[in-house]
Amino acid sequence: MLQLQLLSSPPLTPQTLNLNSISNPKLFPSFSSLNSSQTRSFKFNPLSKPSKFSLKCRQSEYFDQKQRFDDSSSSTSPSSLGLPARFYVGHSIYKGKAALTVEPRAPEFVPLDSGAFKISREGFVLLQFAPAAGVRQYDWSRKQVFSLSVTEIGTLISLGLRESCEFFHDPFKGKSDEGKVRKVLKVEPLPDGSGHFFNLGVQNKLLNVDENVYIPITRGEFTVLKSAFSIVQQILLAQQHT
């Protein structure tokens, strides 16, 4: 907000101004008009010496609030960990049988007593498969997820048009529920060589779920995914070795 203050002589009165001596009404308005202007925030005295102005500026409440927000959020931002700020954008592919979303997830760090930071969870790419529930409608309540590690991302990037790969995950590996949840992601070429099938099979004995979700990915879509995977892989590796 900008404030303008005018320092001038006292307002005009009939005693300080001889109206009969004013010969040019265009340059000097009538006393009645001058008197009415005294109610305004700026008062003008045509007979006084040139006025002095003082200019004061202060930030609006918006900038004050923004500064307070930045100060309060800086403790949880990546820059507070000594890392550059990153913004991740997902990508989605919709087909008749299913939908696929691809979302990069940044690595997580924990501070050490020495002031350094240690990775508590490596970065990954989250794949979410949702079966179709109608025309251009998808049941996200039945979605199945699969997390690609940096190494698995590299395998997909290097995949040729006629090549296939398979990844197996057990979320409870090394725990008491090992073997009760099995996830298998298969990426296989389409018969005509126009792209790849992404097929995710999930067997969850804990929830009594046995489901397969597959979606065809064209060559162009697969090229976009591989390009995005390549960029994400470089970012994740750089962050994890910072």
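The entries below go from the whole chain down to single residues.

**Ground rules**

I am working from a predicted model, where local features need pLDDT of at least 70 and side-chain atom pairs count only at pLDDT 80 or more, while totals for chains, interfaces and linings use all residues. My numbering starts from 1 along each chain as its sequence is written, and my side-chain values use heavy atoms, with hydrogens and water left out.

**Whole chain**

I started with the secondary structure and got four helices and 13 strands. Both are DSSP runs numbered from the N terminus: helices are H or I with at least four residues, strands are E with at least two.

How much of the chain is buried? I get 27% of the 242 residues. Buried is under 20% relative accessible area, exposed is over 50%, and partly exposed is in between, with a 1.4 Å probe and protein chains only.

The accessible surface comes to about 16300 Å², and carbon and sulfur atoms hold 55% of it. That area is from the Shrake-Rupley method with a 1.4 Å probe; for residues, only the protein chains shown count as cover.

I also looked at contacts, meaning heavy atoms within 4.5 Å. Taking those between residues at least 6 apart in sequence, 52% join residues at least 24 apart.

**The four-stranded sheet**

Next I traced an open sheet with the order β10-β11-β12-β13 and antiparallel pairing. Its edge strands are β10 (165–169) and β13 (209–218), each of which pairs on one side only. From one strand to the next, the twist averages 10°. I count strands as paired if DSSP finds at least two bridges between them.

Inside the sheet, β11 (residues 181–189) and β12 (residues 195–204) run antiparallel and are joined by nine bridges. I picked out Arg182, whose bridge partner in β12 is Gln203.

Helix α3 (residues 150–157) lies across β10 and β11, and runs at about 165° to β10. For such angles, axes are lines fitted to C-alpha atoms, for helices over the stretch in contact, and the angles run from 0 to 180 degrees between N-to-C directions.

**The core**

Which residues touch the most other members of the largest nonpolar core? They are Phe129, Leu148, Leu185 and Phe198, in a core of 28 residues. Helix α4 (residues 219–240) gives the most to this core, with five residues. A nonpolar core here is a set of buried Ala, Val, Leu, Ile, Met, Phe, Trp, Tyr and Cys residues joined through side-chain atoms within 4.5 Å.

I clicked through the contacts of Phe198, leaving aside neighbours within four places in sequence. Among them are Leu100, Phe129, Val213, Ile215, Phe222 and Leu225.

Asn204 lies in strand β12 and is buried, with a relative accessible area of 13%. A polar atom of the Asn204 side chain lies 2.9 Å from the backbone nitrogen of Leu206. Beyond four places in sequence, Asn204 is in contact with Lys180, Val181 and Val209.

Asn208 sits in the loop between β12 and β13 and counts as exposed at 73% relative accessibility. I noted its positive phi of about 55°, although Asn208 is not a glycine. Most residues other than glycine have a negative phi.

**Another positive phi**

Arg136 has a phi near 55°. Arg136 is in the loop between β7 (124–134) and β8 (137–138) and is exposed, at 61% relative accessible area.

**The β5–β6 hairpin**

Last stop: β5 (residues 108–111) and β6 (residues 117–121) pair in the antiparallel sense over four bridges. They form a hairpin with five residues between them, and Gly115 in the turn has a positive phi of about 100°. Phe109 stands opposite Ile119 in β6. Is Ile119 buried, partly exposed or exposed? At 28% relative accessibility, Ile119 counts as partly exposed.

Key. Polar contact = N/O pair within 3.5 Å; in protein donor to acceptor, adjacent residues only side chain to side chain.
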